[in-house]
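Me: I have a structure open and want to talk through how its parts pack. Can you take my questions as they come?

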Amino acid sequence: MIPAPFTYKRAWSVDEALDLAVQNGEEAKFLAGGHSLLPLMKLRLAVPEVLIDIGRLGELSYVRDDDSQILVGALTTYDELARSSLLAGELPLLAHAASRVGDPQIRHRGTIGGSLVHADPAADLPAVVLALDATLIARGPGGSREIGAGEFFRGLFETALQPGELLTEIRIPKPRPASEWSFQKFTKRAIDWAIVGVVVQGGRVALVNMGQTPVRASGVEEALAAGAGTRDAAAHAAEGTSPPTDINADGRYREHLARVLVARALEESAART
Amino acid sequence: MKVTVTVNGSQIEADVPDRTLLVHFLRDVANLTATNVGCDTTSCGACTVLLDGRSVKSCTVLAAQADGRDVVTVEGLADGSGAMHPVQRAFQAEHGLQCGFCTPGMVMAAVSLLDENPSPTEEEVRSALEGNLCRCTGYHNIVRAILSAAPAASERRSS
Amino acid sequence: MSILGTRVVRTEDPRLLTAGGTYVDDLRVPELTDAARVTFVRSPIGHARITGIDTTAAREAPGVVAVLTIQDMDDLVPPPPPEPGSEVIEGAPLPIGGLWSEPLLAVDRVRYVGEPVAMVLTNDSYQGEDAAELVSVDYEPLPAVIGIGTALETETLLFESTESNCCVASGEVTDDAIFDGCDAVIKQTIVNQRLAPMPMEGRAAAAVFSDGKLTYWVSTQNAQITRFILSGVLGLDPGAIRVIAPDVGGGFGAKVGADRDALLVAWAARKTGRPLRWVETRSENLVGMTHGRAQEQTVTMGGTSDGRILAYRLDVVQDTGAYPRMSGFLPFLTKLMAVGPYDIPNVQTASRVVVTNTTPISAYRGAGRPEATAAIERAIDLFAAEIGMDPAEVRRKNLIAPDKFPYTTPTGATYDSGDYATALDKVLAAAGYGELRAEQARRRERGDVVQLGLGLASYVEITAADAAAGETARLEVHDDGKATVYTGSSAHGQGHHTAWAMLVEADLGIPMADVTVIHGDTDLIPDGVGTYASRSLQLGGVAVHQAALDVKDQARRVAADMLEAAEDDLELNTENGSWQVRGDPATGRSWGDVATHAGEDGLVAFVRFAPGAPTFPFGTHLAVVEVDTETGKVQLTRHVTADDAGTVINPVLAEGQRHGGIAQGVAQALLEEFIYDADGNPLTGTLADYAAISAAELPSFELLQSETPTNINPLGAKGIGEAGTIGATPAVQNAVVDAVSHLGVTHIDMPTTPARVWAAVSAARESGEN
């Protein structure tokens, strides 16, 4: 119920956050909205000795139009994404997916950066940025670097970020048309993580909770590119995936759901154009 | 560390362990015990309060994260003359509470919902409450209460 | 116009809404100012011998006041040595004890994850969690016994001196002759799954022992029974114990009395001389508070091809968890109510109770009766499908007729009053059953992905099963004309303060606002029973009513003296609470005047109301579900009910109880299940995994009115608290099966999660294709 003792430090700038990370080494973790990290700490599944609170870095909270792409600050909350009129016009998939994460209280606090860095394969936004071919900007003591979404998610709760690196921005090429999207989140209850989720933007398809990371349904994408119809393309949905078995579903049922939900997502996406 | 939080309009300052959760700051430091702890996985919403005007689960916010910020709990909802907020009145009128344990969090979640969506549909109300569990009422009357409070809550906000 | 039967909002609410309730963790009484916090060290393993406990590191942790283990319990009288073959009273909700007895702190063995092994007392709760981690316990694992099948077959015994893991067995169901002459016979094994009651407030207690007296606050449904239990456990005279139930955040049967963890807090307070407070976390609650249900049932039903049921067999195995706290009581009630509202000539029932390495089982909203209704309602639908008759028709054909009451079932229950067919017809009409069946047919014809399912449950249930224990009320009218009611009932959300005040106003004309209701303090109410088994209105409320009538008689005598008139010439004007000579308001005297004139004796009445018999509310539920046949996902779109609990004192309160019961009943059918792995590790030990139902999964409910009074008590009231749960679960389960029955599915066990529904549909499709 209560985290193990830790030392709290607060950063007022990105540089300060990076310095604090260097000073405190491996025992320090960044705290954004806290809704991925604090639940783990309360169950004592994570026991960092130092928390660096980056929640006051207002400069990392934004949604900007950058001509051919949308720039999203890592500390933008799910709620801000859901309400963004810029996203509603240019990237409705992201706005909609953000509006479906957790409940209103969680959406008021949780951030896109926090979700991506936590890298839970059952989370929604990692699959969304993967489907959108986003580029993630990481800043470390040595400067900034760009990481493609396809390289960012390495494994279960594991990303390409190096120790001491801070995710600062997500750059998303504007999809054309923006309206050709679908988000299918299959849950037992409204509050639950997706048993399986499907993200579609045009001909790009990503899956939630079908492996240790979000995955692109490349079999489906190739079939679509080769001119296959929706149902035929969807039949490839589970190829190359390794869905988990847990109390909600076994691998076989997840594979079935992936095929059903990909078909529905493709149909819905097409119907919007 | 030293933390200063404005709670229901009053500044509360205290030196607390870094790991102090906001809900415990409210209950044990500010002595406002209406907000309850109902779970340990951010699931139940009994601890819901407003932080800078938005509903949050205070069990998953450090007091340190609320330092310098504004919190409103159910004890702070009455207006200057002590009259209940329209949501509180509606909960009584519609029998939206039984044992009362989830109620403070439920009321704050409702206040925040109506703030952001002044005329919600029943479906929108139910969806907005997916993070607030109640074992007693079956939610039927809670939903009725929120729907009936919407017009008056809207008026109170604009006045 | 009497206030009874009218809609009255609760007087409890303003305080709860503005300041919040005062639950155990909120108490700020002077006696607890210095209270230390209790944190339990619990077994992380399902079955093991304890080979060592090292508290050295824990005792040195910051803020630690004491660390207590079994070694410290030398101040308690040890339990009597086990007696082989101790008599088990199946029908009593009491622990078996003897060879199956349960310790307070674990002695040398743990039998379920969550079992308390040690206690850490610290200045604050944060330190408590830290220090508890430092207590080092050595466990030697034993094979875990999980599941009823394993419990019956395995050689591993939870209790070494017993012969098997079966602690109670009763009844025989081997005679198949009752099914001779049946055109159709169906048989099905059914799982009524384990649930966590999960009140929003978990278990909590605070204790102060000073000058030989124990003051004990506890989140309980009965303070007086708790005092009795404490007296036995601590060897203290009841007069030296004060138990107080503050506001209680829900109970649902799992807070009847006080369990071992809560009792340990009282013991530790005496042992250390320090005031203590214990408030469990939700994760502790999910494994430490008793669970509910957990039966495996085999039903066999036979009858004629035109729908008449001739024979029914119910064979129950109850998983009671690691310790048989309730003996055979739950399946006893299941067997008692086995036939439900049906007139079935031949009935056989049997039950066995087994222990497993899981959380002990106890009462949970319905306590044995939801299991009975779920079993027979499933059987009825299976039988209806077998003979090709609409399940509503089969029910109607077999319901006990209204002229048959009181009706004694073959299982020995005597139903007081009922009009079962009317309830069924009301629900069918309000739901538009014919139209729904037509819509279902259209969707089947089209082969829609989303199919419609209709599910019925007609039920009768037993409330105030322990009517003989009765309930108490003490009513006093004061010199200022106000009144105080001391009730033995113990509300934890039911609104008794409002309802009992309504009763006083109705009988005496004292306005509700002038009636104070007090409960849950053994110093003020030494004699009381408490709130569970849906007993409070029909026992506690009636006691208030009778006390009011007693006070009225006393007042009449006093008023006659005051007015120098004959008692027969006086009347009480209940509109304004005035005693007057009949027809002459000018002579009116207020309650205050009369009470003052009554002198030293005052106007006080004490009543214990203990009718000879329980009552039997009844009803019908209809659930409408939509099932996505490609994914298995179920959506409950409508839930229509008629729940008849006799006279309704306050429709607002009755509806609230029905709503809450329906939600928990639906939750069992669709979502909730407490699961262990084969080693006894809980897989649903937090609220992230235990699928408690939210508003987003439920529709608004359609409640129909029905009041068939009982003649068991003068108010004509039965109990409504558990009826919603009992009717809702089978209605929803039946609806889900109904939605996919055309695809060849005949049964789906609860909870009917998407995975289960899809598995059933796939299996039926595959076997249909072969």
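Predicted model: local features only at pLDDT ≥ 70, side-chain atom pairs only at ≥ 80, totals over all residues.

Me: How many helices and strands does chain A have, and what domains does the assignment give?
Reply: The secondary structure of chain A comes to 12 helices and 14 strands. As for the domains, the assignment for chain A gives domain 1 (7-53), domain 2 (59-173) and domain 3 (181-271).

Me: Which helix gives the most to the side of domain 1 of chain A that touches domain 2 of chain A?
Reply: The C-alpha centres of these two domains of chain A lie 19 Å apart. In the contact, 12 residues of domain 1 of chain A meet 17 residues of domain 2 of chain A. By class, the domain 1 side has seven nonpolar, four polar and one charged residues. Five residues on that side come from the top contributor, helix α1 (residues 14-24) of chain A.

Me: Moving on to chain B: which element supplies the largest share of the side of chain A that touches chain B?
Reply: Here 24 residues of chain A are in contact with 24 residues of chain B. On the chain A side, β1 (7-10), α2 (37-42) and α6 (104-109) each supply at least two residues. By class, that side has 13 nonpolar, seven polar and four charged residues. The largest share is five residues, and it comes from α6(A).

Me: And where chain B touches chain C, how many residues on the chain B side are nonpolar, polar and charged?
Reply: This contact pairs 44 residues of chain B with 42 residues of chain C. From chain B, helices α2 (86-93), α3 (103-116), α4 (122-128) and α5 (140-158) each supply at least two residues. Sorted by class, the chain B side has 23 nonpolar, 15 polar and six charged residues.

Me: Now inside chain C. How do α9(C) and α10(C) lie relative to each other?
Reply: The axes of α9 (residues 369-387) and α10 (residues 391-398) of chain C come within 9 Å and cross at roughly 115 degrees. Angles of 65 to 115 degrees count as roughly perpendicular. That makes α9(C) relative to α10(C) roughly perpendicular.

Me: Which residues make that contact between α9(C) and α10(C)?
Reply: The helices pass in a right-handed crossing. By class, their contact has five nonpolar, no polar and two charged residues. From α9(C) come I380(C), D381(C), F383(C) and A384(C), and from α10(C) come P391(C), V394(C) and R395(C).

Me: Last one: how many residues of the contact of α16(C) with α17(C) are nonpolar, polar and charged?
Reply: The axes of α16 (residues 651-670) and α17 (residues 723-739) of chain C come within 7 Å and cross at roughly 35 degrees, and the crossing is right-handed. Residues of α16(C), including G660(C), G661(C) and G665(C), meet residues of α17(C), among them G724(C), G727(C) and A728(C). The contact divides into eight nonpolar, 11 polar and one charged.

Conventions:
Residues numbered from 1 in each chain as written. Chains lettered and ligands numbered in written order. Axes fitted to C-alpha atoms, helices over the stretch in contact; angles between N-to-C directions. Helix = DSSP H or I, 4+ residues; strand = E, 2+ residues; numbered from the N terminus. Parallel < 35°, antiparallel > 145°, perpendicular 65-115°, else oblique. Left-handed = near helix turned anticlockwise from the far one by under 90°. Contact = placed C-beta atoms within 7 Å. Nonpolar A, V, L, I, M, F, W, Y, C, P; charged D, E, K, R; others polar. Domains from an automatic or database assignment.
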